[in-house]
Amino acid sequence: MTLAHEFRAQVDADDTFRRLLSSSEQLSYDPNSEIDWETPLDPTHYGLNPEWSTLYGTPLWSEMSEEQRITLTRHEVGSIMMTGIWFEMILQQMILRDQYVKDPAQAEFRFALTEIADECRHSLMFARACSAMGVPQYKPHRINIELARFLKTTAFGETSYGAILVAEEMLDVMQRDWMRGDNVLEIVRGTSRIHVVEEARHMAFARAEMRDRLADLWAPRRQLAAKVISIAAYVIATSMVRGDVYANAGLDKDRAMREAKENQHHHNLMRLSSIHLMDFLSECRLLTKASVPWYRAAHML
């Protein structure tokens with residue numbers, strides 16, 4: 001890349017960061033006042049659109065009572081929210097490490113800290129929603145917790161922002177459906193609306209950072225980034241709904257996990273929801289021979 005191209009790219013990126021800052025100032029929400037936390041939950045409403053349940057379309061789903069379906073979806077959305085909290089804590093640390101001693105006068109630095117503030121509010125919002133639904137804590141497998149600990153400690157540049165982007169994209173598509181679901185709990189619709197609006201800026205930030213870091217990147221480092229991001233995507237996708245949600249909904253856990261694992265309807269939803277993300281990763285030359293199998297295993301390709 002020539003000096004002129006580098007300068008132009010820097011100007012474009014700075015313009016993106018300034019627009020994101022302006023958007024944050026004009027369109028941000030306080031979940032404490034935007035969401036009605038006091039009204040009792042409607043007992044006939046689901047935790048998420050039934051079509052997004054991991055068991056929707058399976059033989060077990062057809063055998064379940066309406067009450068069991070409602071209970072299951074509330075535990076599923078609670079598990080997904082807790083996975084979101086887990087990853088939001090990871091991404092905050094990765095962003096802080098990346099922005100360490102950068103110029104605080106720059107729009108990039110200021111938006112990075114704005115995003116961290118947003119993520120803190122989102123985690124508190126999800127935690128309060130889980131509490132309101134009476135959902136217990138759902139934690140990832142121990143090995144995934146330790147893999148994530150390694151990632152947040154060692155990830156850099158394009159790897160950090162790539163992992164951030166795949167997590168945000170997955171949740172974004174789901175929540176765009178949940179916030180429009182007439183039969184979905186109002187607190188889930190409300191938290192989804194807030195998250196979708198504010199995460200749109202976060203995804204634009206991650207894309208801008210990735211394009212900047214990937215420009216003329218040394219080929220072996222690009223290959224490494226592609227592999228790490230794909231593994232992160234797999235871990236996040238497979239950590240969203242924990243097996244205990246089925247037992248807590250009164251189902252046979254082993255049978256439920258078996259049918260969920262083979263649920264083609266849910267696999268197709270995951271692939272459809274990942275189309276734009278896969279297009280972006282392809283544009284960035286991050287769909288490699290080593291990374292593609294991980295996306296296929298997560299049913300994202």
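Author: Let's start with burial: buried means under 20% relative accessible area, exposed over 50%, and partly exposed in between, using a 1.4 Å probe and protein chains only. Keep in mind that this is a predicted model, where local features need pLDDT of at least 70, side-chain atom pairs count only at pLDDT 80 or more, and totals for chains, interfaces and linings use all residues. Residues are numbered from 1 along each chain as its sequence is written, and side-chain values use heavy atoms, with hydrogens and water left out.

Reader: Okay, why is Asn-49 called buried?

Author: Its relative accessible area is 10%, and the cut-off for buried is under 20%, so Asn-49 is buried. You'll find Asn-49 in the loop between helix 2 and helix 3 (59-63). Helices here are DSSP runs of H or I with at least four residues, strands are runs of E with at least two, and both are numbered from the N terminus.

Reader: What is Asn-49 in contact with, leaving aside its neighbours within four places in sequence?

Author: Contact means heavy atoms within 4.5 Å. By that rule, and with those neighbours left aside, Asn-49 is in contact with Asp-177, Trp-178, Gly-181 and Val-184. The side chain of Asn-49 also reaches the backbone oxygen of Asp-177 at 3.4 Å.

Reader: What makes Asp-216 exposed rather than buried?

Author: Asp-216 has a relative accessible area of 57%, so it counts as exposed. This residue is in the loop between helix 8 and helix 9.

Reader: Now the salt bridges. How do you know that Arg-213 forms one with Glu-209?

Author: A salt bridge is a side-chain nitrogen of Lys or Arg within 4 Å of a carboxyl oxygen of Asp or Glu. For Arg-213 and Glu-209 the closest N and O atoms are 2.8 Å apart, so by the definition the pair is a salt bridge. Both residues are in helix 8 (residues 186-214), four residues apart, about one turn of the helix.

Reader: How exposed are Lys-253 and Asp-244?

Author: Lys-253 is partly exposed at 32% relative accessibility, and Asp-244 is partly exposed at 40%. These two form a salt bridge, their closest N and O atoms being 2.8 Å apart. Elsewhere, salt bridges that share partners join Asp-98, Lys-102, Glu-108, Glu-209, Asp-212 and Arg-213 into one network. The structure holds 24 salt bridges.

Reader: Why does Glu-88 have no salt bridge?

Author: Lys and Arg count as positive and Asp and Glu as negative, while His and the chain ends are not counted. The nearest side chain of opposite charge to buried Glu-88 is Arg-121, 10 Å away; a salt bridge needs the atoms within 4 Å, so Glu-88 has none. Glu-88 lies in helix 4 (residues 66-99).

Reader: What makes the link between Glu-88 and Ser-123 a polar contact?

Author: A polar contact is a pair of N or O atoms within 3.5 Å; within protein, one must be able to donate a hydrogen and the other to accept it, and residues adjacent in sequence count only if both atoms are side-chain atoms. The side chains of Glu-88 and Ser-123 meet at 2.6 Å, a polar contact.

Reader: Last one: why is helix 4 called roughly antiparallel to helix 9?

Author: Axes are lines fitted to C-alpha atoms, for helices over the stretch in contact, and angles run from 0 to 180 degrees between N-to-C directions. Angles under 35 degrees count as roughly parallel, over 145 as roughly antiparallel, 65 to 115 as roughly perpendicular, and the rest as oblique. Helix 4 and helix 9 (residues 219-239) pack at about 150°, with their axes 9 Å apart, so they are roughly antiparallel. Thr-83, Trp-86 and Phe-87 of helix 4 make the contact with Val-235, Ile-236 and Ser-239 of helix 9.
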